[in-house]
Amino acid sequence: MNKHICATFRVLSISTFVAASSLPAASFAASPKAERIAGYKASKLAVAAIKDALQRGDVSEVAEPAEAIATFASRLKSLYPREVGDAFVSPSMEAILKNFPDFAQKADAFAASSRDLADRAVAGSPNPVQMRDALSNVQASCLACHRSYLGR
């Protein structure tokens with residue numbers, strides 16, 4: 001797939017997630033598990049879109065995907081219900097539920113770093129170096145959870 005098609009797919013995926021995440025929570029028909037999976041996938045695409053935009057030097061394309069990540073990150077803890085109603089519980093879900101305070105702290109770091117990135121993206125004239133640093137903080141917060149709960 002060429003880069004233009006990939007970029008278009010990313011924007012479409014991010015736009016879909018932004019639209020869905022702006023709906024009231026009651027309007028979600030999906031389970032918290034389905035929302036988590038969709039949110040993680042959309043966040044991964046959003047990070048890639050931000051990296052691409054920053055490599056091109058186009059900071060104007062960072063705001064929407066950064067906001068999508070921040071919106072998902074702000075809801076993350078609520079997507080891990082203390083009483084699991086999902087039929088399938090993964091080893092990572094078990095580990096999170098056993099050590100929820102640690103997970104909550106990591107989720108808060110993800111939310112704070114992604115909110116910082118989104119806020120920087122809408123600033124009057126975003127500084128590309130600061131945007132890269134803010135994106136690195138988001139990625140570090142993701143990695144902290146992956147290491148603790150996914151073993152990678």
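From the N terminus on, the elements of the protein run α-α-α-α-α-α, which comes to 6 helices and 0 strands. Helices (H or I, at least four residues) and strands (E, at least two) are DSSP runs here, numbered from the N terminus. The model is a predicted one, with local features needing pLDDT of at least 70 and side-chain atom pairs counting only at pLDDT 80 or more, while totals for chains, interfaces and linings use all residues. Residues are numbered from 1 along each chain as its sequence is written, and side-chain values use heavy atoms, with hydrogens and water left out.

Of the 152 residues of the protein, 36% count as buried; the cut-offs are under 20% relative accessible area for buried, over 50% for exposed, and in between for partly exposed (1.4 Å probe, protein chains only). As for contacts (heavy atoms within 4.5 Å), take those between residues at least 6 apart in sequence: 72% of them join residues at least 24 apart.

Now for the helix pairs. Two packed helices are described by the angle between their axes and the distance between the axes. The axes in question are lines fitted to C-alpha atoms, for helices over the stretch in contact, and the angles run from 0 to 180 degrees between N-to-C directions. Helix α5 (residues 100-121) packs on helix α6 (residues 128-150) at an angle of about 160°, with the axes 9 Å apart. That makes α5 roughly antiparallel to α6; on this scale, angles under 35 degrees count as roughly parallel, over 145 as roughly antiparallel, 65 to 115 as roughly perpendicular and the rest as oblique. The crossing of α5 and α6 is left-handed, a label used if the near helix is turned anticlockwise from the far one by less than a right angle, with right-handed used if clockwise. On the α5 side, the contact includes D102, F103, K106, F110 and R120, and these and other α5 residues meet a set in α6 that includes M131, L135, V138, C142, C145 and Y149. Sorted by class, the residues of the contact of α5 with α6 come to 13 nonpolar, 6 polar and 4 charged. In this sorting, Ala, Val, Leu, Ile, Met, Phe, Trp, Tyr, Cys and Pro count as nonpolar, Asp, Glu, Lys and Arg as charged, and the others, Gly among them, as polar.

Helix α2 (residues 32-56) has two partners to report. With α3, its axis comes within 9 Å and crosses at roughly 150°, and α2 is therefore roughly antiparallel to α3. This crossing of α2 and α3 is left-handed. The α2 residues E35, R36, G39, Y40, S43, A46, V47 and I50 meet P65, A66, I69, F72 and R75 in α3, and the contact of α2 with α3 divides into 8 nonpolar, 2 polar and 3 charged residues. With α6, α2 packs at about 160°, the axes being 11 Å apart, so α2 and α6 are roughly antiparallel to each other. Once again the crossing, of α2 past α6, is left-handed. V47, I50, K51 and L54 of α2 and M131, R132, L135 and Q139 of α6 make the contact, which by class has 5 nonpolar, 1 polar and 2 charged residues.

K106 sits in helix α5 and, despite its charge class, is buried, with a relative accessible area of 18%. Leaving aside neighbours within four places in sequence, K106 is in contact with A144, C145, S148 and Y149. The C-alpha atoms of K106 and L143 are separated by 9.8 Å, the two residues being 37 apart along the chain. P126, in the loop between α5 and α6, is buried too, with a relative accessible area of 19%. Beyond its neighbours within four places in sequence, P126 is in contact with V59, R120, A121 and M131. P126 and V62 are 64 residues apart in sequence, yet 9.7 Å apart in space, C-alpha to C-alpha. S74, by contrast, belongs to helix α3 (residues 63-75) and counts as exposed at 57% relative accessibility. Its C-alpha atom is 8.4 Å from that of F110, 36 residues away along the chain.

Last come the cysteines. A disulfide is a covalent bond between the sulfur atoms of two cysteines. With the cut-off set at a pair of cysteine sulfur atoms within 2.5 Å, a search of the whole structure finds 0 disulfides. The sulfur of C142 is 8.2 Å from the closest cysteine sulfur, in C145, which is too far for a bond. C142 is partly exposed, with a relative accessible area of 26%, whereas C145 counts as buried at 16% relative accessibility.
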